[in-house]
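Here's a quick briefing to read with the model open in your viewer. Have a look at the chain first, then we'll go through it topic by topic.

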Amino acid sequence: MQKISEDSYLSEGRAELENNSRAHTFKGITEGIMETNITTDNLLERVLESGNLNKAYLQVYRNKGSHGVDEMQVESLKDYLRLHREVLIAELREGKYLPNPVRRVEIPKEPGKTRPLGIPTVVDRVIQQAISQVLSPIYEEQFSNYSFGFRPNKGAHTAIIACSQTITSGYHYAIDMDMERFFDTVNHSKLIEILSRTIKDGRLVSLIHKYLRAGVVVEEQFQETETGVPQGGPLSPLLSNIMLNELDHELTRRGHEFVRYADDIVILCKSKRGATRTMNSTIRFIEDTLFLKVNRDKTEVVRYNQIKFLGYSFYKTKGVVRFRLSKKTQRKVKRSLEGIVARNNSIGYDEIKSKLKSYIQGWVTYYRLADMKSFLKQVDEWLRRRIRMVIWKCWKRVRTKMKNLMKLGVSKNKAYEYANTRKKYWRISKSPILQTTITNKNLEKAGYITLSDYYQKVKS
């Protein structure tokens, strides 16, 4: 599961595949299976319904994604299911199916840190997706209105706006709660107990438990999973919400104002003293009742303008709460752009432009609520300088530099002088040699988009 904050906006949307000749359905797997009268105690039958499995298959096919431990790609899924449909369905019905362990991958989070993902096999992704589709409507009726992650018609922006509305109503102190490795520390027994309150079909509860205990393969070594919900599978977001729904209802019962997006929680209070008292009692509930861990070093009581929530922070002007980028977000965007426009990149101009466009559009779309016009202007100036540096390095030879400078209107003598300069790449990128030739207008004509221009576009 990808953490849905800016990451969900940075990935390009995929076209619907139902009418695509390559998108085969799951219907063949369930042909010949008799429909039964579905009751709330017979949820596994609903999971195995033809329409539900078909929908799950299409969703996994659309999402593509990497292979699991068996190295089967999504494109091979149809053929596998045709051959093994009867055995797969029978094993699921009889409780004999054993999920494969997930494949551990580490994705960059911040300098020196990574986030572990557990990638299930494509077959297990279909089964998990089918389970999620049946359970989600059931649990939606139980979920709190203050929970915004991985839910229909809710998202990061609605969570940010809800937080600002609570601050506006006079809640100027907040508990910035930091859950320590939440997805790795979920207590399986506690989660199964919570699931069993609603799911009365023991076969389905048992199947979910098997997924929790399936294990993980790290560098070709199998490791048991006695705790945790691996991020990366279709079922993980729902299970995380089910677990933390216990906290939502406890906070509501106590009369607290809060906003939660997955394991990011902000509890808002009217006084510092009240916030401190609430923080201590909430930590006790999380650790003693839910058996989760709180990072006490990072959990603190702060003023509203010190809140860091989903990459945003807040400030007031003329009595109105507005949004801005957190300091961490500002640093992160420059690191990401630096990785795309790197001097040692071996990719060509077209790929750089394509990656820049995809990243900038996704990033600006996610952070469009923030007031950041002046910040984007500074970043654009820095980004154009990096682009000039990369272009100058790609020209390499003196003869190539001279030829290209003359194409850009530089006289032959001046082009010869510029081409023979011994200045370093980064210094050259801000010199008149390139600023008067590879101008902002020329970069725009070449197809390089800027954050400021796209920000104005989405704001208008």
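How much accessible surface does the protein chain have, and what percentage of that surface belongs to carbon and sulfur atoms? The accessible surface comes to about 23800 Å², and 46% of that belongs to carbon and sulfur atoms. Bear in mind that this is a predicted model.

**The chain as a whole**

- The protein chain has 460 residues, and 48% of them count as buried.
- Along its principal axes, the C-alpha trace spans about 85 × 65 × 40 Å.
- If you take contacts between residues at least 6 apart in sequence, 74% of them join residues at least 24 apart.

**Cavities**

- There are four cavities of 30 Å³ or more in the structure.
- The largest cavity has a volume of about 130 Å³.
- Its lining is made up of 15 residues, and Gln128, Tyr211, Leu212, Pro230 and Ser236 lie nearest the centre.
- As for residue types, the lining of the largest cavity has 10 nonpolar residues, five polar ones and no charged ones.
- Helix H10 (202-212) and helix H11 (236-253) each supply at least two residues of this lining.
- The largest share of the lining comes from H10, with three residues.

**Around glycine 155**

- You'll find glycine 155 in the loop between helix H6 (122-140) and helix H7 (156-168).
- Is glycine 155 buried or exposed? Glycine 155 counts as buried because its relative accessibility is 15%, and the cut-off for buried is under 20%.
- Leaving out residues up to four places away in sequence, glycine 155 touches Phe148 and Tyr261.
- Glycine 155 and threonine 317 are 162 residues apart in sequence, and their C-alpha atoms are 25 Å apart in space.

- S6 pairs with strand S7 (residues 264-269) in the antiparallel sense, over five bridges.
- Which residue in S7 is the bridge partner of tyrosine 261? That partner is aspartate 264.
- Two residues sit between the strands of this hairpin, and alanine 262 takes a positive phi near 55°.

Definitions and conventions: Residues are numbered from 1 along each chain as its sequence is written. This is a predicted model: local features need pLDDT of at least 70, side-chain atom pairs count only at pLDDT 80 or more; totals for chains, interfaces and linings use all residues. Side-chain values use heavy atoms; hydrogens and water are left out. On a 1 Å grid over the protein atoms alone, a cavity is a set of points where a 1.4 Å probe fits but cannot get out, and a pocket is an open set with protein on both sides within 12 Å along at least five of seven lines; lining residues have an atom within 4 Å of a point. Grid points are joined across faces, edges and corners, and a volume is the space filled by probe spheres set on the points. Helices (H or I, at least four residues) and strands (E, at least two) are DSSP runs, numbered from the N terminus. Ala, Val, Leu, Ile, Met, Phe, Trp, Tyr, Cys and Pro count as nonpolar, Asp, Glu, Lys and Arg as charged, and the others, Gly among them, as polar. Buried means under 20% relative accessible area, exposed over 50%, partly exposed in between (1.4 Å probe, protein chains only). Contact means heavy atoms within 4.5 Å. Accessible areas come from the Shrake-Rupley method with a 1.4 Å probe; for residues, only the protein chains shown count as cover. Two strands pair if DSSP finds at least two bridges between them.
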